[in-house]
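Morning, everyone. One structure today, and I'll keep it brief. Please have a look at it first.

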Amino acid sequence: MNIDWAALGTVFGVSLVATVALVGLFTLGIVGLSRQPEPAAQGGQAGGSLMLARAGAYVCFGLCAAAVAYGIYMIVA
């Protein structure tokens with residue numbers, strides 16, 4: 001039995017990077033959705049930054065879904 005250690009190391013490295021990237025994107029999405037507007041009495045603005053955070057969160061979730069779909073495609077094909 002002969003093990004190709006270079007290929008095994010490559011698979012480990014790519015899996016580690018992909019996992020960290022996917023978890024990071026999902027975390028950014030959660031953080032973007034959890035932003036709450038500050039009350040006007042504290043000088044908060046209820047407009048643009050909250051909508052931008054929500055849009056960024058949806059982009060992060062979309063990228064996560066695309067990565068998962070691509071992984072399933074790679075396994076099935």
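Helices here are DSSP runs of H or I with at least four residues, strands are runs of E with at least two, and both are numbered from the N terminus. By that count, the protein chain has 2 helices and 0 strands. Keep in mind that this is a predicted model.

Now the pair. Two packed helices are described by the angle between their axes and the distance between the axes. Helix 1 covers residues 5–34. Helix 2 covers residues 48–76. Their axes come within 8 Å and cross at roughly 150°. Angles over 145 degrees count as roughly antiparallel, so helix 1 is roughly antiparallel to helix 2. As for the hand, the crossing of these two helices is left-handed.

Is Leu33 buried, exposed or partly exposed? Leu33 is partly exposed, because its relative accessible area is 30%.

Which residues make the nonpolar patch? Met1, Ile3, Trp5 and Leu8 do, and the patch is about 560 Å². Leu8 belongs to helix 1. With a relative accessible area of 46%, Leu8 is also partly exposed.

Last, the whole chain. It has 77 residues, and 9% of them count as buried. The chain exposes about 6,100 Å². Carbon and sulfur atoms supply 74% of that area.

Definitions and conventions: Residues numbered from 1 in each chain as written. Predicted model: local features only at pLDDT ≥ 70, side-chain atom pairs only at ≥ 80, totals over all residues. Heavy atoms only, no water. Patch = residues over 30% accessible without salt bridge, like charges linked within 9 Å, V, L, I, M, F, W, Y side chains within 5 Å. Areas by Shrake-Rupley, 256 points an atom, 1.4 Å probe, with all protein chains shown as cover. Salt bridge = Lys/Arg side-chain N within 4 Å of Asp/Glu carboxyl O. Buried < 20%, exposed > 50% of the residue type's maximum accessible area, 1.4 Å probe, protein only. Axes fitted to C-alpha atoms, helices over the stretch in contact; angles between N-to-C directions. Parallel < 35°, antiparallel > 145°, perpendicular 65-115°, else oblique. Left-handed = near helix turned anticlockwise from the far one by under 90°.
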